[in-house]
Amino acid sequence: MKRILIIDDEPSICSSLQFALEDDYETEATTEVDKGLHIIEQEPIDVVLLDLKIGKVDGLEVLQEIKRKMPETIVIMITAYGTIANSVKAIRLGAYSYLTKPIHMEELFSVLEQALHYKKLNEQVAYLSQELEKKYGYEGMIGKSEAMTQVFHLIEKVKNVDSSVLITGESGTGKELVARAIHFSGKRKQEHFEVVNCAAIPEHLLESELFGYEKGAFTGAATRKEGKFQLANRGTIFLDEIGDMPLALQAKLLRVLQKKEVTKLGSNKTEKLDVRVIAATNKSLQEQVKEGTFREDLYFRLHVIHIHLPPLRERQEDLPYLLQHFLHTFNQELGKSMKGFRSDAQRELLAYQYPGNIRELSNIVESSMVIADGEYIELEDLPMFIREKGEGFAKQKGSLDDYIGRPLKELEKDFILATLKHNDNHRKKTAEMLGISERGLRDKLKQYLVGKN
């Protein structure tokens with residue numbers, strides 16, 4: 001319910017307006033300017049009905065103070081001394097509208113309805129602009145493998161329906177990206193997308209984070225707060241790491257999903273909800289149901305549509321596309337113009353298993369681009385753990401037969417790099433071990449690490 005604050009020096013006006021509005025709005029009134037400003041600072045107020053003259057205080061000065069502290073709050077001026085000059089000045093200072101006493105209630109309700117609609121549109125524009133800047137949608141969801149083709153197909157199928165979706169997959173596979181793609185490409189894209197990480201929020205705070213609370217509901221609740229479910233109304237709520245939600249809270253969540261209504265902590269009022277629920281987990285909820293750590297009825301409530309994201313090691317044919325995608329992304333973010341990867345660097349990147357999946361791949365490319373000096377990412381630019389896991393010359397053992405058929409320059413290059421690595425990149429020791437001068441080593445490294453493949 002929208003909240004309206006009335007600031008007028010006539011108690012009769014305050015009480016009559018409260019009486020007229022209380023069925024449709026949550027109202028509060030005061031005859032004191034300081035108290036009104038304090039309320040606005042402490043509690044979320046949607047509209048202020050502000051008298052032009054409050055005792056000896058100029059209402060236009062109060063208007064400016066309100067807009068300075070809470071610019072998103074709608075202010076409607078009311079007065080018995082309406083003039084064109086005052087109207088123009090009030091609008092110029094940020095008032096939404098200007099009403100004269102005696103107030104006609106039909107006119108007031110009409111102006112309030114228009115003002116709240118205007119406020120909602122402004123919030124949506126600000127919210128969508130912020131989301132667009134983050135480039136949501138299918139950003140980062142790159143791949144032509146059969147597994148990813150199936151994921152894209154399911155997103156298209158479910159984006160415009162209201163059924164609950166459960167996304168499973170290892171950490172770093174992009175579960176939140178899928179949830180955002182469903183929301184921002186579907187019919188709810190103009191409404192809020194709210195994220196709750198059930199594993200990151202302490203158990204005693206998670207309930208208030210989800211459902212909100214009233215002022216004084218518990219120690220420290222100095223103001224009322226909307227929960228994620230209320231903020232996501234008409235939009236989507238994404239419950240990440242749902243498998244870590246405590247059992248007691250699972251029961252309350254199930255009740256919210258079944259009844260499609262929510263009650264704030266410390267309140268007896270229920271609020272109707274129209275929220276699309278998407279949940280994600282890297283755990284097996286079925287196993288948790290068997291173990292008794294996850295409610296079976298909640299599992300079936302969430303598991304209407306299932307989307308599974310495969311680990312990166314099972315879709316290695318997508319790696320070249322992902323490497324190019326992140327190269328382009330970080331070129332823009334880092335202000336670079338790198339052209340690609342040297343063949344030996346790309347070979348090691350394609351051979352790596354990526355236990356951290358897409359998130360780890362992104363981090364590896366970004367760190368390599370930060371370290372790289374040239375136009376290409378070299379083998380030595382990659383993290384040490386990537387190079388250590390490679391299957392190059394340094395890892396090969398056995399007879400000379402293992403190396404038959406390989407070009408001499410390639411063997412020389414691998415041997416020099418392996419010796420350099422053995423000496424922790426100490427060039428003088430490496431040159432001595434190889435029996436060449438430091439200048440000769442430097443020339444070889446320049447040839448192999450800077451020269452074109």
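**Notes on helix packing and selected residues**

1. H13 passes H15 in a right-handed crossing, where a crossing is right-handed if the near helix is turned clockwise from the far one by less than a right angle, and left-handed if anticlockwise. The model is predicted, so that local features need pLDDT of at least 70 and side-chain atom pairs count only at pLDDT 80 or more, whereas totals for chains, interfaces and linings use all residues. Residues are numbered from 1 along each chain as its sequence is written, and side-chain values use heavy atoms, with hydrogens and water left out.

2. Helix H13 covers residues 319-334 and helix H15 residues 357-371, and the two pack at an angle of about 50° with their axes 9 Å apart. That angle makes H13 oblique to H15, given that angles under 35 degrees count as roughly parallel, over 145 as roughly antiparallel, 65 to 115 as roughly perpendicular and the rest as oblique. The axes are lines fitted to C-alpha atoms, for helices over the stretch in contact, and the angles run from 0 to 180 degrees between N-to-C directions; helices are DSSP runs (H or I, at least four residues), as are strands (E, at least two), numbered from the N terminus.

3. On the H13 side, the residues that meet H15 include Leu319, Phe326 and Phe330, and their partners in H15 include Ile358, Val365 and Met369, with contact meaning heavy atoms within 4.5 Å. By class, the contact of H13 with H15 has twelve nonpolar, two polar and one charged residues, where Ala, Val, Leu, Ile, Met, Phe, Trp, Tyr, Cys and Pro count as nonpolar, Asp, Glu, Lys and Arg as charged, and the others, Gly among them, as polar.

4. Helix H6 (residues 146-158) packs with helix H7 (residues 175-184) at an angle of about 35°, their axes being 9 Å apart, and the crossing of this pair is right-handed. Val151, Ile155 and Val158 in H6 meet Val178, Ala181 and Ile182 in H7, a contact that by class has six nonpolar, no polar and no charged residues.

5. Leaving aside neighbours within four places in sequence, Lys228 is in contact with residues including Glu194, Glu209 and Ile237.

6. Met1, in the segment before strand E1 (3-7), counts as exposed at 58% relative accessibility. Not counting residues up to four places away in sequence, Met1 touches Asp24, Tyr25 and Glu26.

Technical notes
Buried means under 20% relative accessible area, exposed over 50%, partly exposed in between (1.4 Å probe, protein chains only).
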